[in-house]
Amino acid sequence: MSKVESRLFASSTSRQETITGPAVDELAQRFRQSVLPELDAAYSFARFLCKDGDAAHDIVQDAFVKAFRAYGGFKGGDVRAWVFAIVRNCYRDWMMAKRRVTRFEVTSIHEDDESPLDAIASEADTPETSLLRKTEAEAVRTVLMALPRPLREILVLREIEDLSYRDIAEITTLPIGTVMSRLARARREFAKSWSSDPAEARA
Amino acid sequence: MKTLSDAACTERSLMLHGFIDGELDAAHSLEFEQHLAACPQCAAEVAKYRAMKRVIGKSDVRWRATDALRAQVLAAVEREASAGRAAYPAPWQAQPAPRRFDLYAFIRQWSFVPTLAALAAMLFLVVLPGQHQGTLEDELLASHIRSLQVDHLTDVATSDQHTVKPWFNGKIDFAPPVVDLASSGFPLVGGRVDYVGGRVVAALVYRRHGHIINVFIWPAPPGDATTAMRDGYNLANWSNDGLAFWAVTDASADDLAKFRAAFDK
């Protein structure tokens, strides 16, 4: 476990000291105020990781329960980065569980990512946006979803969530140098697909 | 697409990204700016990636959590918190009283404690007879909590009041006033029909920051406006135009009063 990760997760082992009867309400209140506002960001990140709306739903719910349990030991710092690290862990758990299941099913054991079915949005985000329309945002999402997961997550954390290299390194437990080289690669790959995407020619 | 051919520029590639992201220290940043002024290829790269950054960073690229997810997460936090209240002794109780400690240790082994706690709470709410008003409040509160727990907060999920109001036609025998209070900080989430006090009622769902406000509406003779607090939830009751209104929420009493004022306007 890296130093950073142990800082982020020091909390989870010390739950029983940190949550006690009377303090729970106060803790829940603080959690609702400071962590719940990151729900959209957490869901978005989860969905970009797993490429599936329903799975993202489950991953985020799992992550917020874990976050609440660990919240008593959260030492401060960027709440969003902390939530993302937990979401990413829950995503990995989900991947492992999925691998176990798919082993007994047909073919596609070989990789996490690239099932064409995953690219289909599985739920409408809001009633208002469920109208079918191909927007620039959807074109961006499509190109992002087609990138390999390690590049996609870096790009999402940097360009959409606007996190610093240091925060990204913490969340992905990668050295900063790797974050930088992956980001450069991710941007090159995105630019390549974007400029060959017919949707962009239209824009 | 890639225009960097010059080896020196290729070496600068990481620096270029650090420069775009504002991650270079002052000295390197200055050095790179000087290089940019002299190198049209790198300048073009910077312009290209900056434009790309704007496209990806647009707010509608990000997914948004559904209201159902929000409600479920809220309910899960509430469950966890009540499990925490039930299962964890206060620090001053933890050391002495070995019998109680054993009991807690016993309880702690069971992962279904949250479920049990929620179940016990529901039984209490439903079974415990109280005085008349108390029973109604309990029922409303139970309905509020149920609406957060099942994936069924709203039957008609839209922030458009002109969609919600007609939706009630034919489902209930009165026309509840549906107003969108987004401008006052209480966006309309949707509506559903519910069953409270032995009759079908309209429920409108609003949001205040992370909190859900359920407003239950049914025809009733005018009565006094009241407010109440139960198990940490705030309730407010008022009547208007032959309808009774009950608002139930975990938002603060203060917010609820503001909501009432905005709703009644």
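A polar contact here is a pair of N or O atoms within 3.5 Å; within protein, one must be able to donate a hydrogen and the other to accept it. Keep that rule in mind for this predicted model.

**Stop 1: the interface.** Show chain A and chain B together. By the polar-contact rule, 17 residue pairs meet across their interface, both partners at pLDDT 80 or more. Now select the side of chain A that touches chain B. α2 (15-18), α3 (23-34), α4 (39-50), α5 (53-71), α7 (136-146), α8 (149-160) and α10 (176-196) each supply at least two of its residues. Colour α10(A): with 10 residues, this helix gives the largest share. Colour by class next, and you get 29 nonpolar, 10 polar and 17 charged residues on this side of chain A.

**Stop 2: the area.** Select both sides of the contact: 56 residues from chain A and 49 residues from chain B. The two chains bury about 4800 Å² between them, and 62% of that is on carbon and sulfur atoms. Pick out A:R32, A:D40 and A:R187, which supply 12% of the area chain A buries against chain B, more than any other three residues.

**Stop 3: the salt bridges.** Eight salt bridges link chain A and chain B. Zoom to A:R69 and B:E80, a salt-bridged pair whose closest N and O atoms are 2.9 Å apart.

**Stop 4: inside chain A.** Select α4(A) and α6(A), the latter covering residues 79-102. Their axes lie 10 Å apart, at an angle of about 35°. The crossing is right-handed. Show side chains: from α4(A), A:F45 and A:L49 are among those in contact, and α6(A) answers with residues including A:F84, A:Y91 and A:W94. The residues of this contact divide into 11 nonpolar, no polar and two charged.

Notes
Residues are numbered from 1 along each chain as its sequence is written. Chains are lettered from A and ligands numbered from 1 in the order in which they are written. This is a predicted model: local features need pLDDT of at least 70, side-chain atom pairs count only at pLDDT 80 or more; totals for chains, interfaces and linings use all residues. Side-chain values use heavy atoms; hydrogens and water are left out. Contact means heavy atoms within 4.5 Å. Buried area is the accessible area (1.4 Å probe) that two parts lose on being put together, summed over both. A salt bridge is a side-chain nitrogen of Lys or Arg within 4 Å of a carboxyl oxygen of Asp or Glu. A polar contact is a pair of N or O atoms within 3.5 Å; within protein, one must be able to donate a hydrogen and the other to accept it, and residues adjacent in sequence count only if both atoms are side-chain atoms. Helices (H or I, at least four residues) and strands (E, at least two) are DSSP runs, numbered from the N terminus. Ala, Val, Leu, Ile, Met, Phe, Trp, Tyr, Cys and Pro count as nonpolar, Asp, Glu, Lys and Arg as charged, and the others, Gly among them, as polar. Axes are lines fitted to C-alpha atoms, for helices over the stretch in contact, and angles run from 0 to 180 degrees between N-to-C directions. A crossing is left-handed if the near helix is turned anticlockwise from the far one by less than a right angle, and right-handed if clockwise.
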